[in-house]
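Colleague: I would like a close look at a single part of this model. Please keep it brisk.

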Amino acid sequence: MLRGTMARQLMPELLDSLPADDPDAIGSRRDLVVINALMFQTRIMAGLMRSHIRPGNLRLLEIGSGDGAFMLAVARKLGRRYGAVELLMLDQINLITPLRIKQFAALGWQVKTVTADVFEWIAREEAGQFDAVFANLFLHHFDGGALSKLLAAMPTLAPVFLATEPRRSRIALWSTWFLRFVGANAVTLHDAAVSVRAGFVGDELSRVWPDGAGQVLTERRVGPFTHVFAAVTSGADR
């Protein structure tokens, strides 16, 4: 931990305990779209893709995909940069609607969904191979042991792993209070502060990334609220 930073603290997030059709859960997922916009998460992830993934046909995996709003926004920012894109969206609850699949299809992205626990799924032989794996506001849900186990599986799935996470800082924590002024509900206000406390700084993700020859690691702050991590096998990026 860097000097002067808050100690990492994991606490349960309310959204994870609510039924998918609970009005507060639905409202909080709408709030997440606003939060991703305020943090410039989709722009940041699109930039990481441009930097680390060559144009061409792609098979992609998003872990912790939620309702698909984040990756749809990323796809829209990328336009027609890539050819035929197959996107597998993995989450323990399937929130991907037929409308969302049609929205991806309009961009040339074919979407498939998997409803499973991420640790159980990555242990299966049929998990397959991908060109890249993505995670947005997902890794901070796990403690050190679970995080190490999750990241250890990433190089076996794809040569590129990209993550955009909360930055753990006092200014980010203080800023969550202002989300009430953009209409965030009580679930979001609680979970936003919890997410910041569980976020990352410095090289915390690099230190739990599995040792392996040829891994090029990028881990840094982007703006006041986002922590970026990219692991790319040598020769995989442009």
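What covers the buried residues of α2?

Modeller: A word on the model before the answer. This is a predicted model, where local features need pLDDT of at least 70, side-chain atom pairs count only at pLDDT 80 or more, and totals for chains, interfaces and linings use all residues. Residues are numbered from 1 along each chain as its sequence is written, and side-chain values use heavy atoms, with hydrogens and water left out.

Now the cover. It includes α1 (14–17), α3 (41–52), α4 (69–78), β4 (132–136) and α9 (186–197). Helices (H or I, at least four residues) and strands (E, at least two) are DSSP runs, numbered from the N terminus.

Which residues do they cover? The buried ones in α2 are A25, G27, S28, R29, D31, I35 and N36. Buried means under 20% relative accessible area, with exposed over 50% and partly exposed in between (1.4 Å probe, protein chains only).

Next, the helix itself. α2 spans residues 23–38, which makes 16 residues. From first C-alpha to last, α2 reaches 23 Å. That is close to the 22 Å expected at 1.5 Å a residue. The expected span is 1.5 Å times one less than the number of residues.

Then the two ends. At the N-terminal end, D22 caps α2. A side-chain oxygen of D22 lies 2.7 Å from the backbone nitrogen of D24. After α2 comes F40. The phi of F40 is positive, near 60°.

Seven of the eight residues of β7 (residues 226–233) are buried, so β7 is largely enclosed by the rest of the structure.

Key
Contact means heavy atoms within 4.5 Å. A polar contact is a pair of N or O atoms within 3.5 Å; within protein, one must be able to donate a hydrogen and the other to accept it, and residues adjacent in sequence count only if both atoms are side-chain atoms.
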